[in-house]
Amino acid sequence: MNPRRRLTRPTRWPVVAVALAAALAFSACAGDDPGDAVGQPGFDDCAENPNTCNSGERDDGGSITWLVVSKPTGWNAYSPEGGSVYTLQMLHGIYPHTGMFAPDRETYLFNMDLFAAEPELLSEDPQSWQYVLRDEAVWDDGTPISADDFVVSWKLGTSPEQGHCDGCRSRATAPYDRVESIEGSADGKTVTVTMKEGEYDPEWFGFLNVDSIAGGLMPAHVAEQNGFDVDDPVQLGGYFEWLQANMPTFSGGPYRIVEGDFENQVIKEPNENWYGEIDPTLETYIIRVIDDQGAWVPALANDEIHGGAPIQLNEDVVSGIRELPNVYSHIHPGPSWEHIDFNIDVPAFQDVELRRAIFTAIDVDDIASRNFGEMFPDYTLRTNHVFSADSPYHVDHVTETGQGSGDTEAALAILENAGYELDGTTLTLDGEQVGPFRLRATADQARVTSMELIQSYLAEVGIEIIIETTDDLGGMLGEQDYDIAQFGWSGSPLFVGTAAQQWMTGSGSNFGNYSNPEVDRLVTQELTATTQDEAAEIANQAMEVLVQDAYVLPMYDSPVFIFASDGYVNVRDNTGESVRGVYNNHEWGTAVQ
Amino acid sequence: MADIETRTAGPTLAVAAETINTEQRSQLRLALARFVRHRLAVASLVVLLLVVGFAFIGSMVWPYDHTVTRGVPSSVAPSWDHPFGTTTAGQDVMGQVMRGTQQSLKVALTVAVISTTFGALWGAIAGLYRGWVDNLMMRIVDVILVVPLLVLVTAVAGNVRGGTTWWAVALVIAAFIWTGTSRVVRGVVLSLREQEFVEASRAMGSTDSRIIVRHLIPNAAGPIIVAGTLAVAFAILAEAALSFLGFGIQPPDTSLGLLIETARTAPFTRPWLFYPPGMFIILICLTINFIGDGLRDALDPRQTMVRR
Amino acid sequence: MVVYAARRLLAAIPVLLAASVFCFVLIDISGDPLADLRFLEPPPEPEVIAAEEARLYLDRSMPERYLLWMTGIGGNGDIGLLQGRFGPSVRGPGFDIADEIAARFLVTLRLVVIALLLAIGLAVISGVISAVRQYSAVDYTLTFVGFLALAMPAFWIGALIKEGGVWSNQQFGTGFATIGAASADTREYDAWQLFTDTAAHLILPTLALMLTAYAALSRYQRASMLEVLNSDYVRLARAKGLRNRIVVRRHALRTALIPLATVSALLVAGTIDGAILIERVFQWRGLGDFFLDSVSRNDSYSVMGWLMLSGIIVIAANLVADLLYAVLDPRIRYG
């Protein structure tokens with residue numbers, strides 16, 4: 001799930017500017033050719049130096065094969081069938097983009113290979129901002145990257161009613177529908193984006209970045225070359241389908257795809273017309289799709305793949321990888337966090353005391369330590385619904401309430417005070433059994449273990465739990481086909497607006513149908529906050545109420561891992577971006593022997 | 001099969017030297033005697049009974065059951081406390097294997113009995129009657145053969161949620177695999193029906209059902225028994241697939257197949273999760289196979305123990 | 001015989017029809033093909049969903065849709081089995097089901113055919129050995145191996161074989177590959193290199209599939225060999241003084257092939273199922289992989305297309321087996 005996050009207002013500016021400066025300084029220190037790099041080989045110091053770990057001097061040539069764990073289903077990431085994080089991972093490196101977060105998840109890096117100067121906000125009402133493109137920025141056939149590409153990329157994402165494209169099937173139209181116009185200067189190198197009246201996007205600097213719908217900019221000239229007039233809505237729709245059907249052999253990034261299909265592998269080679277500062281040294285860069293977890297370790301041992309950054313953390317896969325010589329691996333908290341939600345529409349769950357008691361009986365630490373305590377002893381429990389533990393806005397709302405502690409005595413006390421009785425091994429209210437309740441989640445190992453443990457905790461307070469896995473999480477949540485659900489929210493360093501999306505009455509991501517007027521008031525207020533600090537303050541207030549209402553129990557940040565053969569340098573994970581390890585694929589190289 | 005009954009010689013015949021004492025022996029006792037001579041079959045029967053004992057009685061004796069117990073440590077290798085080790089969630093694997101064996105045995109044996117019986121009857125009837133009856137019955141078999149199990153399973157799993165009994169799983173699996181037995185039995189019957197004893201039987205006025213039950217099926221015992229043993233093996237794995245998809249035996253309840261499926265990535269890193277249930281599956285399959293061998297020898301006098 | 005074959009072929013049509021109806025209904029009730037679309041974040045416009053429904057003909061009732069799939073009347077020109085079109089796919093308007101099946105067919109074919117032939121050969125040989133040396137150590141070993149291959153899940157067999165392959169690569173420098181039907185980058189390969197590359201990728205999965213196929217087959221083969229070797233005419237032949245080897249070869253083998261012929265038809269169906277699992281373990285993008293993908297996406301028209309192909313294969317195998325049956329056993333005559 002990727003809830004949209006909002007960031008506010010210009011006062012964020014100085015922060016970003018400073019961060020940018022720091023990032024630039026940092027990358028300058030790290031060197032053009034990260035030869036005189038600070039980091040040591042391997043992932044050991046990634047916790048302290050996430051932006052520079054595993055760096056080293058690059059040798060020329062070589063080939064790397066990177067793992068993607070699920071099949072993309074199309075070339076056009078705008079489309080519902082083609083649009084997935086796996087498509088983005090597969091295609092990263094060929095589209096010019098506007099920026100991304102660094103691995104430390106705080107620093108935002110504008111793409112200074114593309115821009116001559118930092119993008120600037122021009123006005124707030126209507127909101128507009130400007131990009132200035134470098135003259136050197138060109139597509140692989142020499143066509144300059146220009147405002148036309150921005151226009152096409154924007155229009156492809158709009159919904160049909162906007163009238164820009166007839167036949168475009170964008171899977172997320174909201175960010176693009178709010179744009180009024182995109183104009184270019186005469187030479188096409190200055191691009192001005194203007195939002196519609198009354199629309200304000202605090203996340204404007206993320207427009208068309210690496211995490212955007214297609215991971216960057218689509219070329220306008222390729223449309224023309226193939227007979228599509230991008231000013232004609234119908235023909236633009238034709239271009240949309242063309243992009244879906246045809247493997248992109250064009251490039252505005254460091255690599256170019258030379259061969260492939262999206263089910264097996266995609267072969268990339270360096271783009272000769274790459275205009276960026278750091279050139280790729282690898283001769284070939286292959287992405288291989290392997291969707292069976294059991295196949296990764298033998299393939300790695302057999303030198304058929306050299307690295308990957310899967311989402312799922314599997315104890316056995318990690319042990320298998322750790323046993324291989326010449327492979328670095330590292331586990332760290334990932335971008336998403338697990339939590340347990342109630343379906344408030346279930347009659348029994350309308351009693352807040354029952355909800356509180358259930359949450360109190362669940363021992364989150366036990367679940368976490370059993371699931372990955374062995375491999376990752378430094379796991380962090382989640383005690384805040386919006387901010388992770390390393391965020392400056394983090395406040396622990398949960399621990400003091402006892403929720404997630406596994407304290408059965410306390411849970412029983414709450415229940416007894418609320419009028420429930422433990423009749424033998426069954427909890428009853430007015431003589432009727434409470435439950436059984438359906439606990440649902442997807443079928444991966446960590447979640448099944450967690451559900452089995454929850455089943456045992458709740459059995460101690462007399463509540464029967466029926467475990468039902470699902471292979472269609474979206475459907476299950478959308479239809480409220482659960483009593484209790486466990487799933488994850490994927491996080492991003494931007495947070496404003498999440499609260500409204502997840503907890504406001506009737507909101508799209510408020511699956512359990514939670515409703516509290518106080519929370520509604522607060523989250524609406526958050527959307528109009530003027531500073532990030534203010535927004536965080538309000539969000540924390542809303543969380544206080546939420547925790548008392550026991551609707552969501554945060555569990556832990558789901559750890560993820562990355563592995564890479566020691567024959568390569570500059571490979572590292574970036575949990576701030578959905579493309580993860582490939583975020584800097586142009587900096588990769590074979591290690592000097 | 002020859003219906004031979006030995007009769008005692010009448011007392012009118014006086015034999016000077018030893019009296020030869022023969023007893024009337026029924027066919028059943030003959031079969032039993034032959035079975036007992038088959039040492040491996042007997043040994044397998046014993047082992048199978050031990051397995052059943054382990055599963056049903058052991059679970060009453062062993063301190064841990066198959067559910068999560070908080071005190072149990074996570075993912076430890078076999079030790080004195082936990083001879084088969086423990087799982088990530090904190091379940092004792094021995095307790096799980098005991099429970100799993102119970103459930104798997106129930107399902108597998110039910111499937112074997114139902115599918116083999118039904119399939120054998122179906123195939124025998126089709127083979128005996130030939131003509132349009134045969135055609136129709138075999139075409140129905142073809143239809144079921146053509147539809148892949150996974151499609152059936154996904155459809156079922158998509159609509160029936162948790163809490164289904166092992167009975168339901170067994171029925172679904174049996175409904176899928178009886179076709180194998182029917183084809184094999186039909187094949188045997190097609191050649192058998194041309195043999196003289198069938199004609200003779202008819203001449204004596206046997207009804208068709210008598211022919212089928214008393215003559216054809218026993219003579220097809222070999223392939224039927226093989227089909228039965230294969231059905232057991234197949235049923236265990238099929239049940240695992242179904243449970244994995246949400247139909248049938250669900251956590252916290254477990255079966256051998258489910259244990260194996262959950263330990264999918266573990267065979268080389270945490271072998272105690274995978275091999276104990278695996279071993280029991282093999283043990284069950286092998287013992288049933290050898291018992292089947294013994295049954296076949298017992299029922300078919302032409303298959304003797306004489307080594308060539 | 002010819003009449004019989006013709007009648008069987010004719011009978012195959014209602015069988016396929018019945019199977020297709022059965023399957024269509026099953027897939028339909030399995031789930032909603034558009035579930036992923038409906039619950040995207042943020043949710044798409046109702047028009048987008050409605051357009052997809054129309055494209056996939058989900059706005060019509062099930063019987064209507066079945067008739068549409070079969071005849072193509074009333075559709076948009078992309079559907080109608082009798083017109084040679086397989087219908088639209090959930091995977092997008094550019095996805096051609098027929099093309100995809102055709103391409104993958106060849107991939108799976110080389111895996112299945114070789115594995116099947118090896119399995120049959122191995123089963124015949126081991127069946128003969130087992131029967132001739134009944135109750136010997138060899139017999140028991142083969143029985144044990146057979147059951148191991150039968151009762152253990154495909155992923156375990158695959159994992160073991162991969163481990164073996166990787167170990168062999170490290171010790172002896174062999175070039176077995178564990179994933180895919182070919183290497184990722186074969187652009188510069190000449191014909192010979194392509195051939196060895198294909199072989200290197202083919203060996204391990206074929207071994208795995210062969211074992212799963214062999215297992216069931218060997219059980220029937222052994223049993224039937226035992227029956228025959230103990231039958232009267234074989235005893236007579238031996239009593240007459242013929243050498244055992246000749247007896248086995250001339251008389252017993254032929255008769256023992258009868259149940260094999262019967263079972264081979266089941267075997268084909270079983271190998272198709274086995275290939276599905278093996279393709280996943282070894283990451284081959286063949287028909288099995290296509291099938292798994294289509295079922296998980298509830299892509300009914302793709303599954304129906306796959307089913308028609310596999311159905312024809314199974315029915316054809318059945319027919320060939322039945323005809324072979326008549327050839328091998330002269331006592332059987334088809335009226």
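1. Two strands pair if DSSP finds at least two bridges between them, and strands (E, at least two residues) and helices (H or I, at least four) are DSSP runs numbered from the N terminus. By that rule, strand E15 (residues 426–429) of chain A is joined to E16(A) by two bridges, and the two run antiparallel. Within this pair, A:Thr428 sits opposite A:Gln433 of E16(A).

2. A word on the basis: this is a predicted model, where local features need pLDDT of at least 70, side-chain atom pairs count only at pLDDT 80 or more, and totals for chains, interfaces and linings use all residues. Residues are numbered from 1 along each chain as its sequence is written, while chains are lettered from A and ligands numbered from 1 in the order in which they are written.

3. Back to chain A: the open sheet has three strands in the order E14-E15-E16, with antiparallel pairing. Strand E14 (420–423) and strand E16 (432–433) stand at the edges with a single partner strand each, so one side of each has no neighbour in the sheet.

4. Now the contacts (C-beta atoms, placed from the backbone, within 7 Å): 37 residues of chain C touch 43 residues of chain A. On the chain C side, two or more residues come from each of the helices H2 (35–38), H3 (46–55), H7 (154–172) and H10 (244–282). H7(C) gives the largest share, six residues.

5. Finally, helix H1 (residues 2–30) of chain C has 29 residues and reaches 41 Å from its first C-alpha to its last, close to the 42 Å expected (1.5 Å times one less than its number of residues).

Notes. Contact = placed C-beta atoms within 7 Å.
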